[in-house]
Amino acid sequence: MPLTSRRLRAALLATASVTLVAATLPAPGPLGIGDRLFPHLGNPGYDVLSYDISLTYKGRNTEPLDAVTTIDARTTAPLERINLDFARGAVRSVEVDGLTSRFATAGEDLIVDAPFRLPAGVPVRITVRHTSDPSGDTAVGGWVPTADGLAMANQADAAHRVFPGNDHPADKAFFTFRVTAPKDLTVVAGGLPAGKRNHAGTTTWTYRTEHPMATELAQVSIGRSAVLHRTGPRGLPVRDVVPAADREKLEPWLKKTPAQLDWMEKQVGPYPFETYGLLVADTETGFELETQTLSLFERSLFTGTGYPEWYVDSVMVHELAHQWFGNSVSPGSWSDLWLNEGHATWYEARYAEEHAQKPMERRMREAYARSDTWRAAGGPPAHPDPPTPDHKISLFRPVVYDGSALVLYALRAEIGQAAFDRLERTWVRVHRNGSATTRQFTDLASRIAGRDLTAFFDGWLYGKKTPPMPGHPDWRTETPRNAVPAQGPARAPKPE
């Protein structure tokens, strides 16, 4: 059996004095795993297995939370330093396998000196005592202040503004959240409840995920909330978290979820997680977000008068579809975002077609007309232009929503309905609980179609111009106009 971290530490302790000499190491700097769109996101040399995140909320959503993040990982390469993504909060101390370690910051990295050179293939535990600060610029993500507390919106690169970690969807892990808050508040997090302890004036709530999760999908809600329970398909626990004062007003929307779950299961197979539900937050973000098992929605989406019922329904299905596409099967890189948003938009549009008589063909024809404009403004679906540095969610552009659903529409026409349905079900089954790439999707599509689809995908996913639509030779694209403003994550196009 491999050496444990403690046995390894004892075996290598004699070399610790050498590896701890700062002069033997180059100056610390941010690393990153080389994602084309976020070059400093994620870190090489280790694979995170689990996070245990303790947070203490003192009752003010502008005040830093005291926090302890414990990361259990396995090295994948020899390491003298461990880089973590962390950008907002004060670091008080770091331990590696129980030994106090020196640390520094560079860019958005927390860089930790290992007590000794760690070989590849061994377990390592990193414990960071820090603060988690919700008072920064909420436009860049992380904590989102609500009328009565906090929630999280970590997509795409903002989880490391809440806790240190390996903030890239290629490195998924199990999560435990332990949140202490004043006893008049309710805490809910992704996963299932795993304990609750009362103290003098406070309560500690614990939640654990049963499936690995990307950091961008973590969710913790703190507020004066009602937690509502119902049952979904096959006995699935459905849990909604809403402002306590709005529980009756929101019930007509919340009761739709079991039927929407049933509809999605009929399309692609069993729901992939241990629970699902809506987190309705009294805040304005400009988007909804598919945080794993507990999707984040703005209260105004349901209580305002600007959206017809069919549209709100389709947004609910969009976030639900993400639990399969984006959450259970996460993108291998951020250039694979089209697989998340294209599929969520696809099922959103299909649901609107079946339940609200909103024809898919009309929507796709309109998308086809605009597609060249979208590609000119933001790049092709599978090779999007980088986001602007001060507004990272500008990555979420029309080309990755309807522009990518258009790719799926063309693919279904190219390979036929039966092969397309088989592809969808196979994709979410084979890659469940993992991360996958565009190449893996296109290879699977070719195998299921029984022919090489490379030329088809080259044009539809990477071309500057939109290829002809199979079966619709009369469809035309418009001459590209000025750049289209970006959307926030996971918001369906507003109805005309």
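I began with strands, which are DSSP runs of E of at least two residues, as helices are DSSP runs of H or I of at least four, both numbered from the N terminus; two strands pair if DSSP finds at least two bridges between them.

I noted that this is a predicted model, in which local features need pLDDT of at least 70 and side-chain atom pairs count only at pLDDT 80 or more, while totals for chains, interfaces and linings use all residues. Residues are numbered from 1 along each chain as its sequence is written, and side-chain values use heavy atoms, with hydrogens and water left out.

I looked up the open sheet and found eight strands in the order 5-4-8-2-1-11-14-13, with mixed pairing. Strand 5 (99–100) and strand 13 (192–198) are its edge strands, each pairing on one side only. I then followed strand 4 (residues 91–96), which pairs with strand 8 (residues 123–132) in the antiparallel sense over five bridges, and I saw that Ser93 has Arg129 in strand 8 as its bridge partner.

**Helices 7 and 8**

I next checked helix 7 (residues 337–356) and helix 8 (residues 360–378), whose axes come within 9 Å and cross at roughly 140 degrees; axes are lines fitted to C-alpha atoms, for helices over the stretch in contact, and angles run from 0 to 180 degrees between N-to-C directions. Helix 7 is therefore oblique to helix 8, the word for angles that are not under 35 degrees (roughly parallel), over 145 (roughly antiparallel) or 65 to 115 (roughly perpendicular).

In the contact (heavy atoms within 4.5 Å), Thr345, Trp346, Glu348, Ala349, Arg350 and Glu353 of helix 7 meet Met360, Glu361 and Arg363 of helix 8.
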